[in-house]
Amino acid sequence: MKFLVCISNVPDTTTKITFTPDNKEFNKAGVQFVINPWDEYALTRAIELKEAQGSGTVTVLNVGEADTEPNIRKALAIGADDAIRVNAAPTDAYFVAQQIAAIAKEGAYDVILMGKESIDYNGFQVHGMVGELLGIPTVAPAMKLDMSGNTATLEREIEGGKEIVEVNTPFVASCQQPMCEPRIPNMRGIMTARTKPLKVVEPVGEGARTAVAEYALPPKKQGVKLIPAESAGDLIKLLRNEAKVI
């Protein structure tokens with residue numbers, strides 16, 4: 001069984017977000033980047049399934065520039081067998097999906113996994129595009145994934161409940177908790193990751209179909225007004241005239 005796990009390079013959740021002076025790009029200066037947390041579920045589950053089967057490979061794929069390689073190496077330290085980096089900035093969801101689909105088709109992967117979305121853009125788009133480009137099923141978002149031969153059983157979150165589906169390989173799935181407990185690299189993994197293959201390839205297909213017109217930070221929170229308990233009338237006036245919620 002050949003697993004392809006797609007990972008994104010995203011700012012740490014504690015990062016203070018700023019933009020370039022023209023508000024068209026994210027300011028990377030001084031920012032710590034991590035593996036997208038949703039992708040860690042996909043990576044760990046692929047490794048667990050490979051181990052349970054006693055054979056197979058887990059390949060990590062990242063669309064990004066050279067500065068993403070430390071986190072690719074971290075994915076190798078967690079347990080992936082090899083990695084591929086498409087040497088291009090992930091300009092939009094369609095561009096990224098094209099690169100994933102091209103690698104998946106060339107490598108004839110059985111299972112293509114990724115997080116349900118990246119925590120920086122929260123687009124929830126790439127997995128569906130990849131499945132469409134390859135002409136194979138997509139299951140999203142998956143909370144549970146088990147394999148029996150070439151058949152997968154997935155538990156999918158739907159409004160008001162859950163849905164259990166079966167699908168044959170090849171397929172695409174986007175992952176979220178509680179699929180598994182994400183692993184952290186141990187010392188042995190860190191040492192072996194240094195010698196695992198990391199192949200760099202150039203992008204294919206057309207460029208991005210969308211472009212950022214402008215980024216903007218949310219408005220700053222306003223100060224809190226405290227109203228004494230005995231002044232309920234004043235609170236009602238504020239809610240009606242200032243907050244305009246009643």
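Helix H2 (residues 69–78) lies across strand S4 (57–64), strand S5 (82–87) and S11, and runs at about 160 degrees to S5. The model is predicted. Its protein chain has 6 helices and 11 strands. Nine of the strands, S11 among them, form one open sheet with mixed pairing.

**Overall build**

- The protein chain has 246 residues, and buried residues make up 41% of them.
- Its C-alpha atoms fill a box of roughly 70 × 45 × 40 Å, taken along the principal axes.
- Accessible surface comes to about 14,000 Å². Carbon and sulfur atoms account for 53% of that surface.
- Take the contacts in the protein chain with a separation of 6 or more: 69% of them join residues 24 or more positions apart.

**The sheet**

- The strand order is S9-S8-S7-S10-S6-S1-S4-S5-S11.
- Strand S9 (161–168) and strand S11 (198–201) stand at the edges. Each has a single partner strand, so one side of each is left without a neighbour in the sheet.
- From one strand to the next, the twist averages 30 degrees.

**Strand S1 and its partners**

- Strand S1 covers residues 2–6.
- S1 and S4 run parallel and are joined by 5 bridges.

- S10 is mostly covered, with 5 of its 5 residues buried.
- In a regular strand, side chains alternate between the two faces of the sheet.
- In S10, Phe-171, Ala-173 and Cys-175 point one way. Val-172 and Ser-174 point the other way, and all are buried.
- S6 and S10 pair in the parallel sense over 5 bridges. Gly-115 has Cys-175 as its bridge partner in S10.
- Strand S7 (residues 138–148) and strand S10 (residues 171–175) pair in the parallel sense over 3 bridges.
- Thr-138 has Val-172 as its bridge partner in S10. For Val-139, the bridge partner in S10 is Ala-173.

**Backbone exceptions**

- Most residues other than glycine have a negative phi, and most peptide bonds are trans.
- The peptide bond from Ala-140 to Pro-141 is cis, with omega near -15 degrees. Pro-141 is found in strand S7.
- The peptide bond from Thr-169 to Pro-170 is also cis. Its omega is near 0 degrees, and Pro-170 sits in the loop between S9 and S10.
- Asn-122 is not a glycine, yet has a positive phi of about 50 degrees. Asn-122 lies in the loop between S6 and helix H4 (126–134). With a relative accessible area of 42%, Asn-122 is partly exposed.
- Lys-244 is not a glycine either, and has a positive phi of about 55 degrees. Lys-244 is placed in the segment after helix H6 (232–241). Lys-244 counts as exposed, because its relative accessibility is 64% and the cut-off for exposed is over 50%.

**Thr-18 and its loop**

- Thr-18 is found in the loop between strand S2 (9–11) and strand S3 (33–35).
- Its relative accessible area is 30%, so Thr-18 is partly exposed.
- Leaving aside neighbours within four places in sequence, Thr-18 is in contact with Phe-26 and Asn-27.
- Thr-18 and Leu-217 are 199 residues apart along the chain. Their C-alpha atoms are separated by 8.1 Å.

**A nonpolar surface patch**

- Met-187, Ile-190 and Met-191 form a nonpolar patch on the surface. Together they have about 300 Å² of accessible area.
- Met-191 lies in helix H5 (residues 187–193). At 44% relative accessibility, Met-191 counts as partly exposed.

Note on methods:
Residues numbered from 1 in each chain as written. Predicted model: local features only at pLDDT ≥ 70, side-chain atom pairs only at ≥ 80, totals over all residues. Heavy atoms only, no water. Helix = DSSP H or I, 4+ residues; strand = E, 2+ residues; numbered from the N terminus. Buried < 20%, exposed > 50% of the residue type's maximum accessible area, 1.4 Å probe, protein only. Contact = heavy atoms within 4.5 Å. Pairing = 2+ DSSP bridges. Axes fitted to C-alpha atoms, helices over the stretch in contact; angles between N-to-C directions. Patch = residues over 30% accessible without salt bridge, like charges linked within 9 Å, V, L, I, M, F, W, Y side chains within 5 Å. Areas by Shrake-Rupley, 256 points an atom, 1.4 Å probe, with all protein chains shown as cover. Salt bridge = Lys/Arg side-chain N within 4 Å of Asp/Glu carboxyl O.
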